[in-house]
Number of protein chains: 4
Amino acid sequence: MSTSPPDSYRRNEHARRAILDAAIDTAIEVGYEKTSIEGIAKRARVGKQTIYRWWPSKGAVLLEALQQRMGRDGELADTGDLFADLRGELLRAAHLYGATPIGAVYHALLTASLSDAALAEAHDAMVRPGIDALRRRLEAAQELGHIRPDIDAATLVDMLYGTILFQVLLRTRPLAPGQVDESLRIILDGVRPRPTLEGGARPAASE
Amino acid sequence: MSTSPPDSYRRNEHARRAILDAAIDTAIEVGYEKTSIEGIAKRARVGKQTIYRWWPSKGAVLLEALQQRMGRDGELADTGDLFADLRGELLRAAHLYGATPIGAVYHALLTASLSDAALAEAHDAMVRPGIDALRRRLEAAQELGHIRPDIDAATLVDMLYGTILFQVLLRTRPLAPGQVDESLRIILDGVRPRPTLEGGARPAASE
Amino acid sequence: MSTSPPDSYRRNEHARRAILDAAIDTAIEVGYEKTSIEGIAKRARVGKQTIYRWWPSKGAVLLEALQQRMGRDGELADTGDLFADLRGELLRAAHLYGATPIGAVYHALLTASLSDAALAEAHDAMVRPGIDALRRRLEAAQELGHIRPDIDAATLVDMLYGTILFQVLLRTRPLAPGQVDESLRIILDGVRPRPTLEGGARPAASE
Amino acid sequence: MSTSPPDSYRRNEHARRAILDAAIDTAIEVGYEKTSIEGIAKRARVGKQTIYRWWPSKGAVLLEALQQRMGRDGELADTGDLFADLRGELLRAAHLYGATPIGAVYHALLTASLSDAALAEAHDAMVRPGIDALRRRLEAAQELGHIRPDIDAATLVDMLYGTILFQVLLRTRPLAPGQVDESLRIILDGVRPRPTLEGGARPAASE
DNA sequence: TTGTAATCGAGACGGTACGTCGGGTCTTAGT
DNA sequence: ACTAAGACCCGACGTACCGTCTCGATTACAA
């Protein structure tokens, strides 16, 4: 994937790697806000112009750097055990996001994309596969009857990732596996097919 | 509430208001990143020093400004209808966060607090009442038996707000009330007391 | 004399001196073209903005620096001996211009002023006193009858300085005092009153 | 004439002309300082390397371009009337230098040559013929007895051109023919043979 | 009523970084 | 071999803000 305009085969691959490495390393060390294009260029021993030539913004550089550093998102496992599969993915995300210096950088990127449509789009393209994979896994379970058919799988994705995101953002302590388990269990309980027949339970909500 | 050090009764209230107004207005117009102390000072017709004297950072100014502009969070309603109460709160939050220019500013603040402990603390103090109110409302429902006693109310808060946060952050379109309803229903289904005794349903997770 | 816009009593005199010194020293060492505002700022341990605040261009800084370094032009001597007075002034100018690193800098400034009206004006204000002094000296001699009354003193100034300028610009070797003497003698011969009446010599021009 | 190193018969004459044209046109339009090799290359639709290959500096390109545009200096006329011949040459020079956009470009070149020995030499080779021609014309007049034999013709050249140079450099208004006449007359008066016999006039200088 | 001391608007200061231009070198195709 | 094209590293441009620092000029308290 490329965020870059001139799109030339003359591009110097060495410079590209050096820039991405310098970018992500700097961001981890001093944070997103204090990361400057100038600083990246100096660290990568590269002219500033070389950065401006290929990326439209600091965010775009870091997004690509992040991508490269994190590597392939990998297809979501499908062991047949939905709970275990989701647990694995959520713990992975929680760890990456909450217990790794990458988390803060990534989140800053997310924020920047709120006021930068191009960046938002690039970010979307990056996370889309992972999100889609999770959604497909849920839809598969739905077809097997483990999730009620009227549930929107996309909403489930939002709930699963959103819970983790919120916890990571607003809590200082790292996220305990137990917390992941609990929210996962609640959600799966909330979506499992109703016992049916015996005058099926209504939503418990009204008091 | 005040984030400010000298804390003197000699403080010029007029300047304070002008600064907060200029800050939030600027942030809404041009975004958090492009909001500068210098710009705020000029717009508020105030010396830069006056800002630096009373606030430690741009984020601190904006946090206080946001607080002032949004006013009292208000105690969460308790109409006896848990679903309706939660729905009201979540829709309010979703609207504020996702359909208002304030959302992006607030989120930038949240990001900044990831690498600014003082700001994080100030932010926490600001949102704590709302979060606690929601948690207490859930605990009340729990004592009435509408939520299983083994559920951690704090986790529910994370799930409720987290889902909205994620949807707002990663989707461009505004959040539809139906989406709030669906996730709320799933969660409440997931936490309602088990039918018990009669061969009670196990968690649906294992396939 | 000041070339500067904001014109404030808050100006930091220390910075001003440091800038002028750094400017002229740099220009002497590396030449006008390779002298950069950035370099001056660094050498003077001053922010670039401080230079841009008070001077409109590199040329303006150097002009003022040159002025300060060369100090007062001093009123032209009037010993009663016209030849000796002019000789002294011309040798001084020739030396300054041709045997001193200042010459090249000054000349670059002159060139820059060809395409920078503001600089041209500032330069004019700087050299005007010296030129006027020389012109007045010539006019005094004219009233004493040592120079024909129909001669334009300003033209004489042009001839005196122009000759030196040309020699300095187009010859590498330093200007010998003898050369100054010779041109001076020619000019004074060319303007001395005609013997009149008694078979007066006509202009030798036509062949 | 060529200032260029590889000096190959493979040289593309079309590129050479395009470069020289682009160079002089750009310099006339925006001035010497703002003329860039990059700009010349783009305007001439030529690779930068092609310029760097054949010329050592911007000045060298412009010098050659100037030469080509101005064409042959032409031998100085010798009509037998010294005053008229000189007047013609000086007016030509004054016009070219002072009333033409070429003047400023040429002068910038002159300045650059003050700190670029190679350029100085190239410039010297270019103007030498014209200067020599003027000097020879003066020497011829000298042998005919119209100029005192002890006068150094080279000094006269300096005075003639120098006066014009100074006037052009330091005055904004274009040079009037009358000014040229006056200085020319003064010089010729100053160098014409002395009336002799009657206890020959001393230089009028001492008062 | 009058100090006197903190706060105020203003803005100069030494800096860092911005995004752009151009320098001079080097590489890639194409002629 | 020489060309057009243009990427590369680098240095400087002129601007925007940073956070600190004087400046008088209010201003509100305590003497």
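1. In helix 4 of chain B, the residues Lys58(B), Gly59(B), Ala60(B), Val61(B), Leu62(B), Leu63(B), Glu64(B) and Ala65(B) are buried (20 or more other C-beta atoms within 10 Å of a residue's own, C-beta atoms being placed from the backbone). They pack against helix 1 (13–30), helix 2 (37–44), helix 3, helix 6 (101–113) and helix 7 (117–143) of chain B.

2. This is a predicted model, in which local features need pLDDT of at least 70 and side-chain atom pairs count only at pLDDT 80 or more, while totals for chains, interfaces and linings use all residues. Residues are numbered from 1 along each chain as its sequence is written, and chains are lettered from A and ligands numbered from 1 in the order in which they are written.

3. Chain A has nine helices and zero strands (DSSP runs, H or I of at least four residues for helices and E of at least two for strands, numbered from the N terminus). Of its 207 residues, 40% count as buried.

4. DNA strand E is surrounded by 43 residues, the closest being Ser36(A), Glu38(A), Gly47(B), Gly47(C) and Ser36(D) (near: C-beta atom, placed from the backbone, within 6 Å). Among the elements that each supply at least two residues of this surface are helix 3 (48–54) of chain B and helix 3 (48–54) of chain C.

Technical notes. A residue is buried if 20 or more other C-beta atoms lie within 10 Å of its own, exposed if 12 or fewer, and partly exposed in between; C-beta atoms are placed from the backbone. Two residues are in contact if their C-beta atoms, placed from the backbone, lie within 7 Å.
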